[in-house]
Amino acid sequence: MGKMKFKYWIQASRPKTLLVSVAPVVMAVALASKYNEINWLPAIICLSFAVMAQVLSNFVNDYADGLKGADNERLGPQRMVASGMISPQNMRKGIVLWGILTFALGCTLLYWGGLILLPFGIVILLCALAYSTGPFPLSRHALGDVAVVLFYGVAPVVLTFFIQTGFVNNEITTAGIAMGIMANNLLIVNNYRDAEQDLKNGKKTTVTVFGKGFMKIVYYLNPLIATGLSLLIFNDFKVIVFLMPFLVYSVFVDVRFDKAQGVRLNKLIGMSSMEAIIFALSITLYLV
């Protein structure tokens, strides 16, 4: 029984999506390597904190949507609270415990980055909660995409870079935006798949507000926008050569997205998450 419960918690963490937390830290460390030798211990802690914060957000989302009944007719992977695999009470306890562990781990980064990091860390954790719950859930008011760009792009790239180098510049912020744009492709697929159910439940997403056709175009354009921003950051056409595997993979994913319907869109979740890490690794290869 214990093993089965552990399996349910793993499912609630949504492991296929977690690469979007790994990607910005990888990119930030690569960017920092241009300026000084990498301190690997805080880099690993940054990576762990980013992944743990995303898992916390996923737990809260599972809990909130389960209570609202938003997952009762879902096309996506089974949710643990809605399915009864994890009780709401146990999920609440898990959220509190995981939140405390995530905050404690993040506090260790103050040793390298200073107290200036503390308010940023608190905001990140509060937004992990506010994404799905609270008086104004971001994901239910068409602000999920903004949150993803900020908290899976700008925040982890800028803060990881700052911890390594002690400074931030416009290029690093732009790199964070590019990373966030790629991370957002995962959310677009998720909201595209759930558009009809979200409309029934009164949940506003960019897909329900702007329409499936428009957001599909945004999905196709995001890799090109990220590539353009990369060219702007480095001012070197050679970066395009290193981004070619990423662009080829993006076309492959776009073709799959164009043909996928219903539950087949679930495969695009993992593929879109992989798109973000390939982007980060391509930039890393260019820098190295």
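Before starting, one definition: buried means under 20% relative accessible area, exposed means over 50%, and partly exposed is what falls in between. Keep in mind that this is a predicted model.

**Exercise 1. A charged patch**

Find which residues gather in a patch of positive charge on the surface, then work out where Arg-264 sits and whether it is buried or exposed.

Solution. 
- Start with the members: Lys-16, Arg-256, Arg-264 and Lys-267 make up this positive surface patch.
- Now zoom in on Arg-264, which belongs to the loop joining helix 13 (238-259) to helix 14 (266-287).
- Its relative accessible area is 63%, so Arg-264 is exposed.

**Exercise 2. A nonpolar patch**

Name the residues of the nonpolar surface patch and say which helix gives the most to it.

Solution. 
- The patch is formed by Phe-103, Ile-122, Leu-126 and Leu-129, and together they have about 320 Å² of accessible area.
- Helix 7 (residues 117-130) gives the most, with three residues.
- Phe-103, for its part, is found in helix 5 (residues 88-107).
- How open is Phe-103? With a relative accessible area of 37%, Phe-103 is partly exposed.

**Exercise 3. Salt bridges, one by one**

Count the salt bridges, then describe the surroundings of each pair.

Solution. 
- Side chains of opposite charge can pair when their charged atoms come close.
- The cut-off to apply is a side-chain nitrogen of Lys or Arg within 4 Å of a carboxyl oxygen of Asp or Glu. By this rule you get three salt bridges.
- Take Arg-193 and Asp-194: their side chains meet at 2.8 Å, N to O. Arg-193 has 3% relative accessibility, so it counts as buried. Asp-194 has 8%, so it counts as buried too.
- Next come Glu-196 and Lys-212, whose side chains meet at 3.1 Å, N to O. Glu-196 lies in helix 10 (residues 195-200) and Lys-212 in helix 12 (residues 212-234), so this pair ties together parts 16 residues apart in sequence. Glu-196 is partly exposed, with a relative accessible area of 45%, and Lys-212 counts as partly exposed at 26%.
- That leaves Lys-216 and Asp-258, with their closest N and O atoms 3.8 Å apart. Since Lys-216 lies in helix 12 and Asp-258 in helix 13, the pair ties together parts that are 42 residues apart in sequence. Lys-216 counts as buried at 12% relative accessibility, whereas Asp-258 counts as partly exposed at 45%.

**Exercise 4. Helix 14, inside and out**

Compare the span of helix 14 with the expected value, and decide how far the rest of the structure encloses this helix.

Solution. 
- Helix 14 has 22 residues, and from its first C-alpha to its last it reaches 33 Å.
- Now check burial: 17 of the 22 residues of helix 14 are buried, so the helix is largely enclosed by the rest of the structure.
- Glu-275 is a residue of helix 14. Its relative accessibility is 0%, so Glu-275 counts as buried.

**Exercise 5. Sequence distance and space**

Solution. 
- Ile-10 itself is placed in helix 1 (residues 2-13), and at 39% relative accessibility it counts as partly exposed.

How values were computed:
Residues are numbered from 1 along each chain as its sequence is written. This is a predicted model: local features need pLDDT of at least 70, side-chain atom pairs count only at pLDDT 80 or more; totals for chains, interfaces and linings use all residues. Side-chain values use heavy atoms; hydrogens and water are left out. Patches are made of residues with over 30% relative accessible area and no salt bridge: like charges are joined within 9 Å, nonpolar side chains (Val, Leu, Ile, Met, Phe, Trp, Tyr) within 5 Å. Accessible areas come from the Shrake-Rupley method with a 1.4 Å probe; for residues, only the protein chains shown count as cover. Lys and Arg count as positive and Asp and Glu as negative; His and the chain ends are not counted. The place of a charge is taken as NZ of Lys, CZ of Arg, CG of Asp or CD of Glu. Helices (H or I, at least four residues) and strands (E, at least two) are DSSP runs, numbered from the N terminus. Buried means under 20% relative accessible area, exposed over 50%, partly exposed in between (1.4 Å probe, protein chains only). The expected span of a helix is 1.5 Å times one less than its number of residues.
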